[in-house]
Amino acid sequence: MQQRYFASICVPLFLFSGLVGCRTPHWNAYRSIACLTSFSDTSSRAYFEANANTDAPEGTRKASVEDQTEPHAGASIKAASMLKLSQKSSQEPPRKSDESDSDTKDSLDKQSTGPLKLPRDLPGAETPPISLSRRDADGKQLDPAKLKENILKLYAELPDLPFFPDALPDESLGRLSLEELQKMARENHPGLLAAAASVEAARGTMIQAGLPPNPNVGYQADTVRTLDTPGYHGVYIQQTFILAHKLGLAAQAAAVDYANAIVTQRKTYVTVQSAVRRSYFQVLAARKRVVLAKAITELSKNAYQSQIKLVVAGEAAPYEPLQLRVLTIQAMQTLTRAQQDSIAGWRTLAAAVAVPSLQPTALEGKIDSAVPEIDYDRALAQMVEVHTDLQIAENLISKNRTLVTLADRVPVPDINVGLVLQRDYTFTPGTNTYNLTVGGALPVWNKNQGNRIAARAELIRSVQTVSDTRNQLIVKLAPLFGSYQANRQLSQSFQTEALADQVRAYRGIYQRYLTDPNGVSFNDVIVGQQTVASVLNQYIDILQAQWQSTVDLGEILQVDDLFQMGTPTQVAAIPAIN
């Protein structure tokens, strides 16, 4: 019967698997792999193969795609390629070899020889050089308007760069503080709500552990039909009395679990608040990068336009604005990336406070604000005193001591008391009777020996766990404090050296350019701007890393306020670029 049932299920499954291509040679644990699709990204493969060698030189291209793909795919791709080629040949008129083409060819021939020859595979290698003539075909000087028109044709317009308000919200619409964000997390975070439920569950378990067993009551009939009489009829009640304070010890052990649930809730709270702090400082740093990238982009745009004007005036070479245009586009790309990082940072912060729909808002504070100065010995003492992992480990020692006592008292028998009240109907007129039983288990064979051994072993293990936990926390604290100290020293080094010196150098270059343009070129100013932007970005990275390491220390020290760890120490303010 079982074999017939098995066959009724497996045979249809086997037949169905053959229809969908899932049949495998053996009935084994990996049969479901055959059910996975075998044609993932087929269209992508065909596309990439069709376009893989279009840029390769003639004679070096690989076999065409129709020779490398399946017959049905190759036929369709080949047909599409032939159709595209025929349409292109029918629409494009034959080119004539005019004078401009000849000039371009000569320029390319010059570029393709000599020590500065560009490889053919380099994108843009076939781009013709800039050619600007200030005279017409008759050798006459072009009028200024026509010359300016020709010059402007050489330089493409800069693309429009959208600015996302969410990346840098308006401060006039209100600001959120770190304290307000932490309050949101405390009220909404599901991890904290789950931890609170765990505390309540542990409290209920503690209450239940100390409750005595309920009495048993019921109806009882004895010797029914004895001498054709109804026998004895009545009610009974039974109660087990737990001796040796075993209920109290069980409740005491459960109370430790309740205490540890509260400590775990505290640990969860610290983890949540640390996540909020990390996201908060990440957003501050990201928005500062947006401000910096926006300023650099504006400077680059102005430099590009100014250099074009110099070309029109005949004071700069035509190729010079091209380099500035590249720098401007790079600055725009940096701004785009900074905006998206800022938006992503806010979304992370909104998730950290458990309000994903929280609209982007300006934040109180700044990334270059004062940082608490932390002493290692003080931090170590505070961690050992208050860390929740140590509290949980120490509480487990108390629990295991209680469990050892409880295991020793388990052999003490509990007393079972039973009382039966009956009416004797075996004679007339009958009488009331009662039965009384008192007893308990006799600890002859089972004296709870195994559990007593296990309880003592658990006590020894919990004692060792405290020392191990303390050591593990120190292992975590040491590199975190080292990272914090390194970032503090780097920030101080930037304050006294690189940051101030580079800003002063840039201002000196700019002032000299205004007074002596022949001694300092405009390119020197641009290089100074780019260097300042690079140095300031490095400084922002250091400040962000400094705050992140501070948050990491606050998490392992489990402080409610970061400045409980030390007195504030000022850092160098990020200067504006102007």
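Of the 578 residues of the protein, 30% count as buried. Buried means under 20% relative accessible area, exposed means over 50%, and partly exposed lies in between (1.4 Å probe, protein chains only). This is a predicted model, in which local features need pLDDT of at least 70 and side-chain atom pairs count only at pLDDT 80 or more, while totals for chains, interfaces and linings use all residues. Residues are numbered from 1 along each chain as its sequence is written, and side-chain values use heavy atoms, with hydrogens and water left out.

**The whole chain**

Show the cartoon. The protein has 13 helices and 8 strands. Helices (H or I, at least four residues) and strands (E, at least two) are DSSP runs, numbered from the N terminus. Now think about contacts, meaning heavy atoms within 4.5 Å. Take those in the protein with a separation of 6 or more: 75% of them come from residues 24 or more positions apart.

**Stop 1**

Two packed helices are described by the angle between their axes and the distance between the axes. Axes are lines fitted to C-alpha atoms, for helices over the stretch in contact, and angles run from 0 to 180 degrees between N-to-C directions.

Select residues 144-154, helix α5, and residues 246-312, helix α8. Their axes come within 10 Å and cross at roughly 135°. That makes α5 oblique to α8. The cut-offs: angles under 35 degrees count as roughly parallel, over 145 as roughly antiparallel, 65 to 115 as roughly perpendicular, and the rest as oblique. α5 passes α8 in a right-handed crossing. A crossing is right-handed if the near helix is turned clockwise from the far one by less than a right angle, and left-handed if anticlockwise.

Which residues in α5 and α8 meet? Show L147, K148, I151 and L152 in α5, then I308, V311 and V312 in α8. This contact divides into 6 nonpolar, no polar and 1 charged residues. Here Ala, Val, Leu, Ile, Met, Phe, Trp, Tyr, Cys and Pro count as nonpolar, Asp, Glu, Lys and Arg as charged, and the others, Gly among them, as polar.

**Stop 2: α6 on α8**

Show the side chains. From α6 come L178, L181, Q182, A185 and R186. They meet Y269, V272, Q273, V276, R277 and Y280 in α8. By class, the contact of α6 with α8 has 7 nonpolar, 2 polar and 2 charged residues.

**Stop 3: along α9**

Select residues 320-352. This is helix α9, with 33 residues. From first C-alpha to last, α9 reaches 48 Å, close to the 48 Å expected at 1.5 Å a residue. The expected span is 1.5 Å times one less than the number of residues.

Pick A351 in α9. Is A351 buried, partly exposed or exposed? At 46% relative accessibility, A351 counts as partly exposed. Now draw a line from its C-alpha to that of A275: the separation is 9.7 Å. Along the chain, A351 and A275 are 76 residues apart. Just after α9, A354 takes a positive phi of about 65°.

**Stop 4: α10 and α11**

Select α10, residues 376-386, with α11. They pack at an angle of about 40°, with their axes 6 Å apart. α10 and α11 are therefore oblique to each other. M383, V384, E385 and V386 of α10 make the contact with T388, L390 and Q391 of α11. By class, the contact has 4 nonpolar, 2 polar and 1 charged residues.

Next, follow α11 itself, residues 388-409. Its 22 residues should span 32 Å at 1.5 Å a residue, and its end C-alpha atoms are 32 Å apart, which agrees. Colour its buried residues, including T388, L390, I397, V404 and A407.

**Stop 5: the loops**

Go to the loop between β2 (216-222) and β3 (232-241), and find T223. T223 has a positive phi of about 45° although it is not a glycine. At 41% relative accessibility, T223 counts as partly exposed. D228 lies in the loop between β2 and β3 too. Its phi is positive, about 55°, and D228 is not a glycine. At 63% relative accessibility, D228 counts as exposed.

Last, select P429, in the loop between β6 (415-424) and β7 (431-439). What joins T428 and P429? A cis peptide bond, with omega about 10°.
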